[in-house]
Amino acid sequence: MKSLVNIQGLLFILLMTLLSASCQKGPTLTICGKIPNAANKMVYIDSITGNGTICLDSTLADTIGRFSIERRAAVRMSFFQLRVDSMSAVFCADSTKKVVFSKGIRDELSLTGDEYAAQVCMLSQHIRATNKYIRTLMKLEKKCINSQIKDLIYIRVMQYREIADSVVKANPVAPVAYYAMNAKLIYNIEPYDFNDPDDRRMLAIVANGWNIIRHDNVYSNHLLSMLEDTKLSKRESIKIVDNTKYSEKASFVNLDFPNKEGKQISLNSIKDKNIILLFWDLRMIDNDVLSRIKDYYQANPDLEIYHVNYYKDIADFKEDAAKCPWMCVNDETGTSLTTYNLEVTPSVFLFNKKGNIVGKNVPFIGYKF
């Protein structure tokens, strides 16, 4: 009987070992680094969700600040926060296998191992520095004139905005663009006012790009809901947005570029159809997005797409354009970028059958003209 109990015990241990091993299979995310301030202190990893932050894991750093936390890799892109001592940093991860943290000369945290994660971390450290500066100014409230403090805070917030704007414009579909659109400063200071036409335009660029690249994703849906919640009033909607008025008087500026056969195709040659003017290289569109655009195009016979590409190799353009049933043209010199005052691609203009602008950088799949 005793030997039977021992055998059962061994079988149970073996089963638990196998279960443990099976749970550990699959890709993992390693969050590690060496932060002197963390010596003999706890390091925490939080998950950032729409409802706040949730602590996921923690570990004790060694005597020189080294630490390592391993977690199952995120199924989809997710945002996290590392906290240690009085420092913190936000980062993102999806297929990332390892991110490494270190401390800079100005007490900021830096990250290596993944470009997207590093970009989010960098912007979070600018937010942290801006908050520290604002907090210091508020402590001087009794010694300074209130208007002076407000002016200094405004200048500092605008300095942060320059940095945030630059990373968003560099790649509107990068995780850092989502983070920038949602980040707030201390005392509920919001760097972006999405009821302002220029700020709303930037949100529209990011939301449209995310909806195309990450359709029906929790983050793209959140951006779209933000865009919907900050609709301009009727009076504001006729104001100039990126030098283009939403009015019956606004019409497109003509473009004239060669198609895959080398024939010049002008934009104003499209008659009696709604038009999507799309500035986006075919080689930058993944197959899933391309398939959804095709389905939408084929389901709407009263629609035409004038698709501007920027290929240097004409043979490559001809090969890729042959896959598309709509008008694909090639702007080899990039003149349309200046003509339409484009800062980023993809960019989208929507025109109704009268040739009037009815939308700019808004989700066009499913758009009702």
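The structure holds 14 aromatic pairs, where rings of Phe, Tyr and Trp (for Trp the six-membered ring) pair if their centres lie within 6.5 Å; planes under 30 degrees apart count as stacked, over 60 as edge-to-face and the rest as tilted. Phe-349 and Phe-351 form a stacked pair, because their ring centres are 6.4 Å apart and their planes lie at 10°. Phe-349 counts as buried because its relative accessibility is 2%, and Phe-351 is buried at 0%. Ring pairs also link Phe-79, Tyr-178, Trp-210 and Tyr-219 into a cluster.

The model is predicted: local features need pLDDT of at least 70 and side-chain atom pairs count only at pLDDT 80 or more, while totals for chains, interfaces and linings use all residues. Residues are numbered from 1 along each chain as its sequence is written, and side-chain values use heavy atoms, with hydrogens and water left out.

The protein chain has 10 helices and 17 strands; these are DSSP runs numbered from the N terminus, with helices (H or I) of at least four residues and strands (E) of at least two. Of the 369 residues in the protein chain, 44% are buried. Strand β16 (residues 347-351) includes Ser-347, which is buried with a relative accessible area of 3%. Leaving aside residues up to four places away in sequence, Ser-347 touches Leu-277, Leu-278, Phe-279, Leu-342 and Asn-361, contact meaning heavy atoms within 4.5 Å. Among contacts in the protein chain between residues at least 6 apart in sequence, 63% join residues at least 24 apart.

Cys-32 is buried, with a relative accessible area of 10%, and Cys-121 is buried at 1%. The structure contains 0 disulfides, a disulfide being a pair of cysteine sulfur atoms within 2.5 Å.

At the other end of the description, Tyr-133 lies in helix α2 (residues 115-139). Tyr-133 counts as partly exposed because its relative accessibility is 31%.

Methods
Buried < 20%, exposed > 50% of the residue type's maximum accessible area, 1.4 Å probe, protein only.
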